[in-house]
Amino acid sequence: MTDFFTLDSMASGLSVDTLVINLVDPLIDAGDTAQAINATIQTLDDEPIGTFDSDAIFDYRAQRPIVSYADGHLVGVTVPSVRLSLVTDVHGKNFLYLSGQEPDFRWREISETIIDIIERFGVQQVYSFAAMPAPVPHTRPVDMLIRATAGDHPVVEGFAEHYAELSDVFEYMAAEKEIPVVNIRVRVPFYLVRGDSPFFAGALAAIKMLAARGGPTFPLGDLEQLEDNQQKAIAELREEGSDFDALIKKLEHDYDESELGFVTNEEIVPRIPSSDEIGDAVEQFLASQDSSPLDRVQKSKQPPQLGDQYSTDQYAGDLRRIGEDLRRASPAAQESAGEELADDDQAAQPPTGIQSENPEIENNEENEGE
């Protein structure tokens with residue numbers, strides 16, 4: 001291991017066959033897709049088992065720490081962080097989760113460290129997420145570009161270049177060592193790349209694709225409800241004959257005619273588990289209640305002590321909070337709020353989830369706030 005990564009002694013001797021990587025840069029996270037995925041994973045049981053030295057890998061002028069003020073004093077400082085956790089999915093299966101903000105420095109060394117982690121834990125499969133703007137409509141199934149360093153997978157033929165993420169650099173280095181890596185890259189409608197709410201359909205599609213390709217299974221209930229609400233909110237803005245309506249129809253036509261090789265979950269035939277596998281899953285789920293992932297792997301050791309180094313990711317979303325915001329912005333909620341506030345002449349807010357008219361100004365304001 002490198003000098004800027006510390007693995008908790010509690011994790012010694014563990015064997016975990018799956019690693020999920022989700023390092024977020026909000027500026028390039030189209031539709032806030034990775035953040036919505038992270039919020040979903042955070043609803044699962046987890047134990048932090050490793051951390052990177054933030055001072056060594058972050059530029060604090062690019063990703064500024066957050067200070068907390070209370071009653072005339074600063075009471076806390078939260079710095080961007082990357083941590084490794086042991087998480088249990090809904091079927092009681094453990095996996096490693098590397099999460100946090102995408103680092104500014106030492107990408108190659110970090111990638112080498114991830115490879116060391118893979119070798120130490122005996123990881124057999126790695127998954128990562130990404131999202132990119134695309135000329136696709138929200139009214140069609142979300143499609144994805146699948147990359148893999150090994151095995152058969154759908155291929156989009158052609159050549160393209162784009163700015164890399166840390167997970168891309170790691171994937172390239174992992175391929176040289178024949179480490180199986182699958183990258184799930186969601187295509188986000190360009191008019192939903194920046195909005196008040198994440199592109200929930202994209203996060204939901206990526207999570208389903210992860211499970212279909214043998215990865216961990218995450219809870220879907222909140223995302224499904226939020227996606228349904230978001231679809232209804234956008235539909236309220238689409239008036240027959242409007243410019244927006246014409247745009248959607250053009251994108252739908254192009255989507256339906258395309259044969260580029262992007263994949264949707266509708267094309268994936270799920271494998272039906274055997275009765276023994278179902279029984280094992282039930283037993284694992286029951287065993288997972290009232291215990292941590294580490295308890296289930298090594299019951300003889302005490303749980304790790306959490307310090308400031310394991311502070312919550314400030315960029316992680318809260319699905320329930322986002323859902324409440326979206327519901328308050330729905331047309332039905334606006335009508336109700338308008339009736340209640342009629343005496344005060346206050347108007348309801350418009351539906352969320354649509355890109356502002358000037359996203360560059362919006363992004364600049366967000367950056368200055370950070």
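Residues are numbered from 1 along each chain as its sequence is written, and side-chain values use heavy atoms, with hydrogens and water left out.

Trainee: Which element has the lowest mean pLDDT?

Mentor: pLDDT is the predictor's confidence in each residue, from 0 to 100. Its mean for the protein is 82, and 72% of the residues reach 70 or more. Helices (H or I, at least four residues) and strands (E, at least two) are DSSP runs, numbered from the N terminus. Among these elements strand E7 (residues 94-101) has the highest mean, 98, and the lowest, 47, belongs to helix H12 (residues 359-369).

Trainee: Over residues 344-370, how many contacts beyond four places in sequence does the model have?

Mentor: pLDDT stays under 50 over this stretch. Where pLDDT is low, the predicted coordinates should not be read in detail. With contact meaning heavy atoms within 4.5 Å, the number for residues 344-370 is 34.

Trainee: How far apart are the end C-alpha atoms of helix H7?

Mentor: Helix H7 covers residues 243-257, which makes 15 residues. The expected span is 1.5 Å times one less than the number of residues. That gives 21 Å for H7, and the model agrees, with its end C-alpha atoms apart by 21 Å.

Trainee: Against which helix do the buried residues of H7 pack?

Mentor: Buried means under 20% relative accessible area, exposed over 50% and partly exposed in between (1.4 Å probe, protein chains only). The buried residues of H7 are Phe244, Asp245, Ile248, Leu251, Glu252 and Tyr255. Seen down the axis, they fall within an arc of 130° (taken from the directions from the helix axis to the C-beta atoms), so they line one face of H7. Asp243 and Glu257 are exposed on the other side, whereas the buried residues pack against helix H6 (221-237).

Trainee: With which residue does glutamate 252 meet in a salt bridge?

Mentor: A salt bridge is a side-chain nitrogen of Lys or Arg within 4 Å of a carboxyl oxygen of Asp or Glu, and the whole structure has 16. Glutamate 252 counts as buried because its relative accessible area is 13%. In its salt bridge the N to O distance is 3.6 Å, and the partner is arginine 140.

Trainee: Is aspartate 143 buried or exposed?

Mentor: Aspartate 143 forms a salt bridge with arginine 187, with 2.8 Å between the closest N and O atoms. The pair links distant parts of the chain, 44 residues apart: arginine 187 is in strand E10 (residues 181-189), aspartate 143 in the loop between E8 and E9. Arginine 187 has 12% relative accessibility and so counts as buried. Aspartate 143, at 5%, therefore also counts as buried.

Trainee: From a polar atom of the side chain of glutamine 101, how far does the backbone nitrogen of serine 81 lie?

Mentor: Glutamine 101 is in strand E7. This residue counts as buried because its relative accessibility is 1%. The backbone nitrogen of serine 81 lies from that side-chain polar atom at a distance of 2.7 Å.

Key: This is a predicted model: local features need pLDDT of at least 70, side-chain atom pairs count only at pLDDT 80 or more; totals for chains, interfaces and linings use all residues. A polar contact is a pair of N or O atoms within 3.5 Å; within protein, one must be able to donate a hydrogen and the other to accept it, and residues adjacent in sequence count only if both atoms are side-chain atoms.
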